[in-house]
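Here are my notes on the model, as numbered points. Please read them with the structure open.

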Amino acid sequence: MKNIPIGQYMVNNGIITEEQLAAVLEAKKNDNVPGKFFGDYAVELGYVTDKQFGQVLSRKQNIPFVDLDDPETEVDVDAVAKIPESLAKKHTIIAIKVTGKRLTVASYDPVNFYIFEDIKVTTGMDVIPVLATKAAITKAIGKYYSNAQVGDIIESVENQFSETSDDENADIDERVNGAPIVKLCTTIIENSFRAGATDIHIEPFQSYTRIRIRVNGDLIELMNVSNVVHNSLITRIKIISGMNIAEKRIPQDGRFTQIVDGTTIDVRVSNLPTVNGEKCVIRILAAGDVGLRKITDLGMTDYNYERFSRAIKVPQGVLLVTGPTGSGKTTTLYAALGELAKPNVNVITCEDPVEKNIEGINQCQINDKAGMTFAAALRSILRQDPDIVMVGEMRDQETAEIAIRAAITGHLVLSTLHTNDAASTITRLVDMGIAPYMVATSLIGIVAQRLCKKLCNECKMPRISTDEENELMGITQSTTIYDACGCPRCNNTGYSGRTAIHEILLCTPPMSSLISAGGKVDAIRTLAREEGCKLLRDNVSELVQNGTTSMDELVKLTFAV
């Protein structure tokens with residue numbers, strides 16, 4: 001069994017079929033890229049994930065598998081330092097543990113004798129190989145080696161500027177493109193991406209520049225640098241994002257891509273002049289090559305999932321996803337598109353920006369300067385024989401009117417809107433100038449959502465809820481709830497990861513009648529509850545009661561006067 005090829009081993013164990021094996025072998029034969037293995041092709045074709053393949057290989061070769069992406073997997077920093085970064089990158093390996101004179105090394109090719117001989121010669125230690133995925137090792141190399149270098153990079157940058165700050169005629173171009181400032185800029189983006197940040201804030205003050213990152217919705221400090229570095233750091237970012245470096249008096253926007261640990265990330269940059277210099281906010285967008293989430297992965301309760309599934313089965317009409325910026329609206333829309341995009345359906349989107357490239361879907365990028373506005377794009381799309389249209393955002397009356405008319409004429413239209421809850425979305429559409437009868441005729445449903453932080457399971461503290469908290473949760477008896485505490489695993493925040501809470505309003509015949517009659521927000525909300533719509537408050541209240549989140553999050557997300 002040990003000597004049979006890995007592909008046949010996977011077939012014998014029911015992991016892939018004979019047809020899939022043939023497809024992988026055909027792809028490998030046609031491609032024939034040196035250093036690319038059977039597993040790489042099996043993962044590319046979507047037959048297994050890289051983690052599943054690693055576990056299969058581990059069983060076949062009887063070598064332990066280590067999941068480096070798991071926060072509980074311990075990596076000894078002293079062990080990492082035993083292998084030079086250049087050697088780790090050359091062979092895609094990382095040392096994770098030292099036991100006496102033995103070094104445990106994670107590799108995606110643990111039977112390659114030459115790699116381990118190389119390590120033995122360099123370190124003078126015996127090597128114990130373990131198996132890990134290539135992507136996880138690449139990520140770990142970036143994380144552990146770059147963290148050790150951050151202090152050195154900042155020091156070298158500040159030294160360079162303190163030496164030249166007195167020289168008025170110092171060559172600015174040389175300083176901006178010099179290695180230390182380039183390294184600092186790259187390191188900030190890499191470390192932010194590895195920390196799971198969505199935004200980076202570079203903020204100038206009189207005596208220093210503060211760099212903060214937004215993780216799980218909260219801003220945390222990444223580092224402080226000397227204010228003499230600030231101008232060149234901003235200039236470097238402006239150069240790579242295509243902005244005008246000579247213009248410092250007005251806000252500017254730009255974008256660029258960067259490869260971090262083998263993943264291409266899309267980065268949007270916004271610059272704003274302040275009294276102490278230019279403030280820069282960098283948004284790290286979900287990478288174009290990151291897999292799409294399925295509807296089942298959106299964190300919906302079974303009840304809400306069933307309501308959402310019913311809504312996307314309707315062949316024509318408007319389905320709106322609403323919520324503030326950064327509440328996961330686009331992720332929900334993409335998940336719905338992934339479910340709806342079939343070979344016999346023509347799906348077209350107009351977005352600003354196109355955040356993920358989806359196979360089999362026609363995606364248009366909005367460009368206001370060139371006249372490619374949402375309204376102009378939507379008009380043209382309707383002449384392209386679409387079945388399903390996604391509009392990134394209903395920003396104005398014109399876009400909303402065209403989308404509503406498209407829905408009435410037999411298309412399924414998905415879009416987003418910035419409103420506080422599902423009921424207020426209907427009055428917002430009417431306020432934008434859409435006739436109530438048109439809203440009533442075209443609307444399928446509205447999904448209002450927020451992102452809610454999840455408590456860290458390692459350190460959350462139980463207690464009994466108070467009467468005031470019971471009233472907020474809509475319950476009559478006190479129950480066990482949990483508070484955030486903080487531990488090394490959650491970076492002392494008390495929270496680990498986020499989930500979404502949803503409020504799904506379906507446009508039933510009674511609801512249509514109420515909308516046509518010009519019903520107000522309170523009447524719409526009351527009818528929605530009678531028809532089974534669970535509000536955001538109900539959804540987050542359930543999460544508090546089952547220990548997923550805290551009362552602080554309930555208040556932060558849904559408190560009203």
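1. Terms and provenance. Buried means under 20% relative accessible area, exposed means over 50%, and partly exposed is in between, with a 1.4 Å probe and protein chains only. At 23% relative accessibility, Thr508 therefore counts as partly exposed. This is a predicted model: local features need pLDDT of at least 70, side-chain atom pairs count only at pLDDT 80 or more, and totals for chains, interfaces and linings use all residues. Residues are numbered from 1 along each chain as its sequence is written, and side-chain values use heavy atoms, with hydrogens and water left out.

2. Overall build. The chain has 22 helices and 18 strands. These are DSSP runs, numbered from the N terminus: helices are H or I with at least four residues, strands are E with at least two. The C-alpha atoms fill a box of roughly 80 × 70 × 60 Å along the principal axes. The radius of gyration, taken over C-alpha atoms, is compared with a globule rule of 2.2 Å times the number of residues to the power 0.38. For 561 residues a compact globule would have a value near 24 Å; the chain has 27 Å, which agrees.

3. Burial and contact order. Buried residues make up 46% of the 561 residues. Contact means heavy atoms within 4.5 Å. Take the contacts between residues at least 6 apart in sequence: 60% of them join residues at least 24 apart.

4. Nonpolar cores. A nonpolar core is a set of buried Ala, Val, Leu, Ile, Met, Phe, Trp, Tyr and Cys residues joined through side-chain atoms within 4.5 Å. The largest one has 42 residues, of which Met394, Ile426, Leu443, Met511 and Ile515 touch the most other members. Helix H15 (residues 397-408) gives the most to this core, with six residues. Another core, of 27 residues, lies apart from it and includes Val66, Ala88, Leu103 and Phe116. In soluble globular proteins, nonpolar side chains tend to be buried together.

5. Around Ile515. Not counting residues up to four places away in sequence, Ile515 touches Ile426, Pro436, Val439, Ala440, Leu443 and Cys507.

6. Thr508. This residue sits in the loop between strand S18 (495-506) and helix H19 (509-516). Thr508 and Glu355 are 153 residues apart along the chain, and their C-alpha atoms are separated by 33 Å.

7. Thr416. Strand S14 (residues 412-417) holds Thr416. Thr416 is buried, with a relative accessible area of 3%. A polar contact is a pair of N or O atoms within 3.5 Å; within protein, one must be able to donate a hydrogen and the other to accept it, and residues adjacent in sequence count only if both atoms are side-chain atoms. The Thr416 side chain reaches the backbone oxygen of Gly392 at 2.5 Å. Leaving out residues up to four places away in sequence, Thr416 touches Val321, Lys329, Leu333, Val391, Gly392, Glu393 and Met394.

8. Glu247. Is this acidic residue, Glu247, buried or exposed? At 14% relative accessibility, Glu247 counts as buried. Glu247 lies in the loop between helix H11 (230-240) and strand S7 (252-260). Its side chain reaches the backbone nitrogen of Arg249 at 2.9 Å. Beyond neighbours within four places in sequence, Glu247 is in contact with Lys238, Gln252 and Glu278.

9. Helix H4. The expected span of a helix is 1.5 Å times one less than its number of residues. The twelve residues of H4 (residues 50-61) should span 16 Å, and the end C-alpha atoms are 16 Å apart, which agrees. In H4, Phe53, Gly54, Val56, Leu57, Ser58 and Lys60 are buried. The buried residues of H4 pack against helix H1 (6-12), helix H3 (38-44) and strand S3 (126-131).

10. Most residues other than glycine have a negative phi. Asn62 lies in the loop between H4 and helix H5 (77-82) and is exposed, at 68% relative accessible area. Thr92 has a positive phi of about 50° although it is not a glycine. Thr92 is in the loop between helix H6 (85-91) and strand S1 (93-99) and is buried, at 12%.

11. Cysteines. How many disulfides does the structure hold? The structure holds zero disulfides, a disulfide being a pair of cysteine sulfur atoms within 2.5 Å. The sulfur of Cys350 is 6.6 Å from the closest cysteine sulfur, in Cys364, so it is too far for a bond. Cys350 is buried, with a relative accessible area of 0%. The sulfur of Cys485 is 5.3 Å from the closest one, in Cys459, again too far for a bond. Cys485 is partly exposed, at 46%.
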